[in-house]
Amino acid sequence: MRRKKRFEGLDVLVAERGSALLATAVLLTGSRAAGEDLVQAALERLMRNWSRVHSDKEGYLRRTLYHLAVDRWRLRRRRPEVLTEIEPPGQADGTETLHLRHALIQALALLPPRQRAVLVLRYWEQLSEAEAAEVLGCSVGTVKSTASRGLARLRELTAHWVLEDAGLNGAGR
């Protein structure tokens, strides 16, 4: 019973926010398995520091997710990332949306890690520039410029999608 009281509220946090945390982790790592590992490591850190985290345990958990992801990127800086295909969660009869989501996740995986982290924080997590800067431990200006470069690169990577959908990918040019 002592253990249950010690981590009181953790089960509710994981039950209510676990899938959102996992989705963020999958976007940060590029695969579901690596995302699950990242969430597990973040939960472990939260439990180790449970008595020191008095408020906003989810915020602490999210910051830990991002910091662990950045740590992993730094460790593999000299080795190329090996990305696997991501299986997005299914949607009721929304195959077109599913294909678009999958393609966007693949395009996101082609970005450098810092750009990916900034775009996930700003547009997936919907954090402000100041909040994203705080989570990543950098300046607001860095978040702004990194987001700008990341969005520009995503536009480059996805520019041909409009041409293919409009039937302009060859014959009409």
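1. The model discussed here is predicted. In it, the axes of helix α2 (residues 10-29) and α3 cross at roughly 135°, so α2 and α3 are oblique to each other. These two axes come within 8 Å, and the crossing of α2 and α3 is right-handed.

2. On the α2 side, the contact with α3 is made by L10, L13, V14, L21, L22, A25, V26, L28 and T29. On the α3 side, the residues are R32, A34, G35, E36, L38, V39, L43, L46 and M47. Sorted by class, the contact of α2 with α3 has 14 nonpolar residues, together with 2 polar and 2 charged ones.

3. Helix α3 (residues 32-48) also packs against helix α4 (residues 57-75), with axes that come within 9 Å and cross at roughly 125°. The pair α3 and α4 is therefore oblique. The crossing in which α3 passes α4 is right-handed.

4. Which residues of α3 meet α4? They are A34, D37, L38, V39, A41, A42, L43, R45 and L46, and in α4 they meet K57, Y60, L61, T64, L65, L68, A69 and R72. By class, this contact of α3 with α4 has 12 nonpolar, 1 polar and 4 charged residues.

5. The crossing of α6 and α7 is right-handed.

6. From α6, the contact takes R114, A117, V118, L121 and R122; from α7, it takes E129, A132, V135 and L136. The residues of the contact of α6 with α7 comprise 6 nonpolar and 3 charged, with no polar residue.

7. Some charged side chains lie over rings. The charged end of K57 sits over the ring of W50, 4.3 Å from the ring centre. The charged end of R122 sits over the ring of Y123, 5.5 Å from its centre, and R122 is one of the α6 residues in the contact with α7.

8. How many aromatic pairs are found in the whole structure? The search finds 0.

Conventions
Residues are numbered from 1 along each chain as its sequence is written. This is a predicted model: local features need pLDDT of at least 70, side-chain atom pairs count only at pLDDT 80 or more; totals for chains, interfaces and linings use all residues. Side-chain values use heavy atoms; hydrogens and water are left out. Rings of Phe, Tyr and Trp (its six-membered ring) pair if their centres lie within 6.5 Å; planes under 30 degrees apart count as stacked, over 60 as edge-to-face and the rest as tilted. A charge sits over a ring if NZ of Lys or CZ of Arg is within 6 Å of the ring centre and within 35 degrees of the ring normal. Axes are lines fitted to C-alpha atoms, for helices over the stretch in contact, and angles run from 0 to 180 degrees between N-to-C directions. Helices (H or I, at least four residues) and strands (E, at least two) are DSSP runs, numbered from the N terminus. Angles under 35 degrees count as roughly parallel, over 145 as roughly antiparallel, 65 to 115 as roughly perpendicular and the rest as oblique. A crossing is left-handed if the near helix is turned anticlockwise from the far one by less than a right angle, and right-handed if clockwise. Contact means heavy atoms within 4.5 Å. Ala, Val, Leu, Ile, Met, Phe, Trp, Tyr, Cys and Pro count as nonpolar, Asp, Glu, Lys and Arg as charged, and the others, Gly among them, as polar.
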